[in-house]
Amino acid sequence: MRLSLLDRARTRAGEPDAAALTGTVARAVDAEQLGFARFWVAEHHGVPGIAGAAPAVLLAAVAGRTTTIRLGSAGVMLPHHQPLVVAEQFATVSAFAPGRVDLGLGRSPGFTPPVRRALRETERDFAADLAELRAYLTGTAEITLHPQPAAPVPMHVLATGRGLEVAAELGLPVIVGGPLLGVGRDPAPGLAALDRYRRSFRPSAQVAEPRVSISLDVLVADTAAEAADLLLPEAWAMARARTEGAFPALESVAAVRGRTPTSRQQQYLEQTTAAAIAGTPAQVASRLTEVLERTGAAELVASSSTFDRAALAASDAELGALFGLPAGARSSSRAMGGR
């Protein structure tokens, strides 16, 4: 079981966007010191609450500050780019971090109609684009990629909608998010989809067996109340996004508690809370054990965020300790495998 972090470079109220990016790099350095397997970044355009718009550029900055942790995108939205350009970008990152780069790819549309127009979005064949991109990275395309990747750059598919089917057809590993897993709701449809992925998987030259990673908001604190507070800024941002149409910067817990949510916002607050895993180390270990056993996942990608950077760093360390990482905040006797 691998443990990874996904950092979306969340902005915070009262801070410039640049602080979100430097905070992401600092978190990656901490993740490496804690012993996390991978550090993922994402791609979002025109979103006030997220500064992570250029995964390859951000990963190059992270590569310059780290030496051992794997670095990945979760992900690059392939419909926004030409496959050759993506291949060139990640081959370049691989030159700075040989053998450490993973390329996660999705197909989510732009955040709003103006963003979609700015990205020149058109109907694209996702499976064909993935196959073309893989050909560039593996040296089997009619165009020779330059720079040549310093080491293989494994591809992963962010599984939404038909993404699981495409990944199975092409023999690629998948990263599955909370909505498909049914965390906080009925898990049966998501589990059925994962079963179809595994049954229909066609081994490729790069990947012999189906592989599932799951992405969840996971926050750990000394008490359940403290963990709930850590989750509140992100839950409030989601509630505002669903009701106001704009995904905002994170606000402090005190600021959020000073708000009076509408009934719809309260509903979304509760939904986000239910879909996350937050609590004491024992509570989080119990819930994660159940989800990981149910899904048969090979990797947990913790996509958590909160306003307080120090509290987030403490949560990351506690999570590492649950998985028995040697530099975790607590004794490895709490490791999930030894409970």
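The legends below describe close-up views of a predicted model.

**View 1. Helix H5 and its surroundings.**
Helix H5 covers residues 126-138. The helix has 13 residues, and the distance from its first C-alpha to its last is 18 Å, close to the 18 Å expected at 1.5 Å a residue. Its buried residues are Phe126, Ala127, Asp129, Leu130, Leu133, Arg134, Ala135, Tyr136 and Leu137.

At the start of H5, a side-chain oxygen of Asp125 comes to within 3.2 Å of the backbone nitrogen of Ala127. At the other end, H5 is followed by Gly139. The phi of Gly139 is positive, near 75°.

**View 2. Asp129 in helix H5.**
Asp129 is found in helix H5. With a relative accessibility of 10%, Asp129 counts as buried, because buried means under 20%. The side chains of Asp129 and Arg124 are joined by a polar contact of 2.9 Å. Leaving aside neighbours within four places in sequence, Asp129 is in contact with Leu78, Pro83 and Arg124.

**View 3. The largest nonpolar core.**
The largest nonpolar core has 71 residues. Leu103 and Leu288 touch the most other members of this core. Helix H5 contributes the largest share, six residues.

**View 4. The aromatic pair Tyr197 and Phe201.**
The structure holds one aromatic pair. The ring centres of Tyr197 and Phe201 are 5.7 Å apart and the ring planes stand at 80°, so the pair is edge-to-face. Tyr197 and Phe201 are both buried.

**View 5. Trp40 in strand S2.**
Trp40 has its place in strand S2, residues 38-41. Its relative accessibility is 0%, so Trp40 counts as buried. The side chain of Trp40 makes a polar contact of 3.5 Å with the side chain of Glu299. Trp40 and Asp7 are 33 residues apart in sequence, while their C-alpha atoms are 6.2 Å apart in space.

**View 6. Gly104 in strand S4.**
Gly104 is in strand S4. Gly104 is buried, with a relative accessible area of 0%. Not counting residues up to four places away in sequence, Gly104 touches Trp40, Ser73, Gly75, Val76, His156 and Leu158. The C-alpha atoms of Gly104 and Gly72 are separated by 6.6 Å, and the two residues are 32 residues apart along the chain.

**View 7. The salt bridge between Arg38 and Asp102.**
A search of the whole structure finds 16 salt bridges. In one of them, Arg38 pairs with Asp102, with the closest N and O atoms 3.0 Å apart. Arg38 lies in strand S2 and Asp102 in strand S4, so the pair ties together parts that are 64 residues apart in sequence. Both Arg38 and Asp102 are buried. Arg38 and Asp102 also belong to a network of salt bridges in which Arg70, Arg211 and Glu299 are linked with them. Glu299 is the residue whose side chain makes the polar contact with the side chain of Trp40.

**View 8. The salt bridge between Asp229 and Arg257.**
Asp229 forms a salt bridge with Arg257, and the closest N and O atoms are 2.4 Å apart. The pair links distant parts of the chain, with Asp229 in helix H9 (residues 224-244) and Arg257 in helix H10 (residues 253-257), 28 residues apart. Asp229 counts as partly exposed at 26% relative accessibility. Arg257 is exposed, with a relative accessible area of 57%.

Side chains of opposite charge can pair when their charged atoms come close. The side chains of Arg240 and Glu244 meet in a salt bridge, with an N to O distance of 3.1 Å. Both residues, Arg240 and Glu244, lie in helix H9 and are four residues apart, about one turn of the helix. Glu244 has a relative accessible area of 45% and is partly exposed.

Definitions and conventions:
Residues are numbered from 1 along each chain as its sequence is written. This is a predicted model: local features need pLDDT of at least 70, side-chain atom pairs count only at pLDDT 80 or more; totals for chains, interfaces and linings use all residues. Side-chain values use heavy atoms; hydrogens and water are left out. Rings of Phe, Tyr and Trp (its six-membered ring) pair if their centres lie within 6.5 Å; planes under 30 degrees apart count as stacked, over 60 as edge-to-face and the rest as tilted. Buried means under 20% relative accessible area, exposed over 50%, partly exposed in between (1.4 Å probe, protein chains only). A nonpolar core is a set of buried Ala, Val, Leu, Ile, Met, Phe, Trp, Tyr and Cys residues joined through side-chain atoms within 4.5 Å. Helices (H or I, at least four residues) and strands (E, at least two) are DSSP runs, numbered from the N terminus. The expected span of a helix is 1.5 Å times one less than its number of residues. A polar contact is a pair of N or O atoms within 3.5 Å; within protein, one must be able to donate a hydrogen and the other to accept it, and residues adjacent in sequence count only if both atoms are side-chain atoms. A salt bridge is a side-chain nitrogen of Lys or Arg within 4 Å of a carboxyl oxygen of Asp or Glu. Contact means heavy atoms within 4.5 Å.
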